[in-house]
Amino acid sequence: LSAFRQREAVSAVGSSNMENDINLKFRQQLFLISENLVTEDVAALKFLCTDLLHLSKLEGVKSAADIFKLLMAQEYLNAEDTFLLAELLYRIKCHSLLKKLGYTKEKVQEHLRVKGRISPYRQMLYELSENITSEMLKEIIFLLQIHLPKRWMILSALDLLTLLEKRGLLNKDNVKILEDVCMTVSPDLLETIDCYKKGKGRVSSGWSFLFQPKAGLKYIVLEVLVLFSFKNAGLFQQWEVVLNLNQKTCSVVGLCTSEISVLFASFSTFFFFFLQTMKSYKMDGPHIGFCLIINNVNFITSQRKGSCKDAEQLERVFTWLGLDVRTYTDLTSGEIINLMETWQHVQDHKDRNCFICCILSHGKSGAICGTDDKLVSIRVLTSHFTAKQCPQLAAKPKLFFIQACQGDEVQRPVCVHTDGPTPDSSSVQERVSPFESIPEEADFLLGMATVDGYVSFRHIEEGTWYIQALCSKLQLLVPRGEDILSILTQVNEDVARRDSPSGTKKQMPQPAYTLRRKFIFPIPMAPPPS
């Protein structure tokens with residue numbers, strides 16, 4: 001008995017040590033995450049946790065670690081369950097930190113529907129704050145001056161929203177004050193609020209019961225009948241159904257008109273709401289937009305023969321589509337960045353529906369080359385046109401088409417040249433996903449000529465496979481009313497079918513996007529240029 005107790009005590013000590021090791025590792029993870037979050041991130045975390053933690057405790061928060069302690073104290077966060085923290089990092093777009101918790105962006109998205117804790121209301125307010133520029137904030141504060149304390153310091157949109165909640169002017173059931181100021185300052189912001197109200201309306205309208213697990217086969221059958229009824233409107237006037245509610249043995253034994261009527265009305269609401277969410281971007285302004293073409297031909301160490309063919313074709317096609325095209329040739333890395341900064345501040349964007357930028361150059365993973373052979377990150381270029389950096393283009397589609405290699409380990413064939421600089425065998429290429437090259441906010445599309453790590457091909461007389469396919473499909477499919485993603489899928493198919501002269505080299509383009517709606521070019525009155 002003594003020996004048994006001794007073994008039991010040793011086992012308990014071992015178990016305790018293991019638990020301590022797990023807790024230590026967990027706290028080390030939290031510390032590393034906290035160290036990588038800046039002041040703005042901490043403010044965002046505080047705001048998103050407002051519905052979970054008492055406001056008086058949040059007011060004393062100075063760092064992300066303070067928030068983590070509060071969440072652990074309320075048992076929202078522990079070593080066995082870190083999803084809430086993963087969701088928070090996902091919401092504030094710190095996706096690179098998710099791997100410290102064993103998550104990816106895609107894995108978090110998969111579990112949000114079931115495990116998500118941040119309310120749609122809080123998400124809506126945070127998204128709204130992300131799209132409110134400093135100029136907009138000044139205008140909103142001016143409009144709300146009568147409701148705000150005279151000596152209250154408002155440093156950010158989140159500060160303002162928090163204050164409005166404290167004063168009882170804003171809550172999940174009443175967002176009118178936001179609608180009023182957004183209508184005056186920037187009507188585009190209303191879209192975020194409208195989406196929240198529609199989602200809230202769906203939950204309270206009664207049709208959410210369709211997706212309850214207990215509904216079982218009964219409502220699956222009804223859903224099929226409802227869908228069928230869209231083509232047979234008179235069917236339900238003759239039938240009467242009675243459904244067995246037994247969860248184990250659901251069977252259709254008759255018709256219940258009242259249940260079907262409720263379901264039909266509810267499903268109709270859902271169906272037409274779904275159609276509304278698939279709307280297209282507005283393209284009915286006085287001008288379509290600007291299209292920049294950067295054509296780098298002459299480099300220090302090489303020449304991109306055939307690139308002028310691409311530039312000429314792009315200019316013809318986008319002019320035909322109604323855009324104001326501006327072409328720039330042979331820009332260094334510094335000149336490319338300066339050009340982006342110049343166009344970032346162009347006030348005429350406010351009268352345009354979209355912005356397009358085409359870059360023809362050499363490149364490596366996640367970057368393009370200036371004619372001085374220095375790399376410029378694609379993410380740096382696209383980030384000039386976020387809602388905060390370029391408010392005139394807020395909520396408008398920004399399209400970037402990049403014709404450049406994303407790797408350099410392919411031998412050049414005789415007539416088909418690769419769009420990458422001469423490989424440097426002494427360096428190891430670090431790959432960057434195209435999704436890391438676009439800003440983590442809505443309304444961007446990045447069309448890459450090739451998948452990451454690989455070359456793209458260029459004929460010295462006919463131009464590149466990707467740009468020639470893009471121009472060809474735009475001319476063919478825009479008049480048919482196809483959206484840009486459908487067109488790029490056709491471009492993928494076209495390029496994938498091509499072979500190098502040796503028959504051994506292939507290419508696969510890759511789009512990455514955060515578009516919220518379909519992007520459809522207005523159909524030109526004139527015939528295609530070629």
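Trainee: Which residues are buried in helix H9 (residues 157-166)?

Mentor: Ground rules: this is a predicted model, where local features need pLDDT of at least 70, side-chain atom pairs count only at pLDDT 80 or more, and totals for chains, interfaces and linings use all residues. Residues are numbered from 1 along each chain as its sequence is written, and side-chain values use heavy atoms, without hydrogens and water. Buried means under 20% relative accessible area with a 1.4 Å probe, protein chains only; helices are DSSP runs of H or I with at least four residues, strands are E runs of at least two, both numbered from the N terminus. In H9, Ala157, Leu158, Leu160, Leu161, Leu163 and Leu164 are buried.

Trainee: What do the buried residues of H9 pack against?

Mentor: Contact means heavy atoms within 4.5 Å. Here the partners are helices H2 (39-48), H7 (120-131), H8 (134-143) and H10 (176-185). Just after H9, Gly168 has a positive phi of about 75 degrees.

Trainee: In what order do the 6 strands of the open sheet come?

Mentor: Strands pair if DSSP finds at least two bridges between them. The order is E2-E1-E3-E7-E9-E12, with mixed pairing. E2 (324-329) and E12 (510-513) are the edge strands, each pairing on one side only.

Trainee: How many bridges join strand E9 to E12?

Mentor: There are 4, between E9 (residues 444-448) and E12, and the two run antiparallel. Gly447 has Pro511 in E12 as its bridge partner.

Conventions. Buried means under 20% relative accessible area, exposed over 50%, partly exposed in between (1.4 Å probe, protein chains only).
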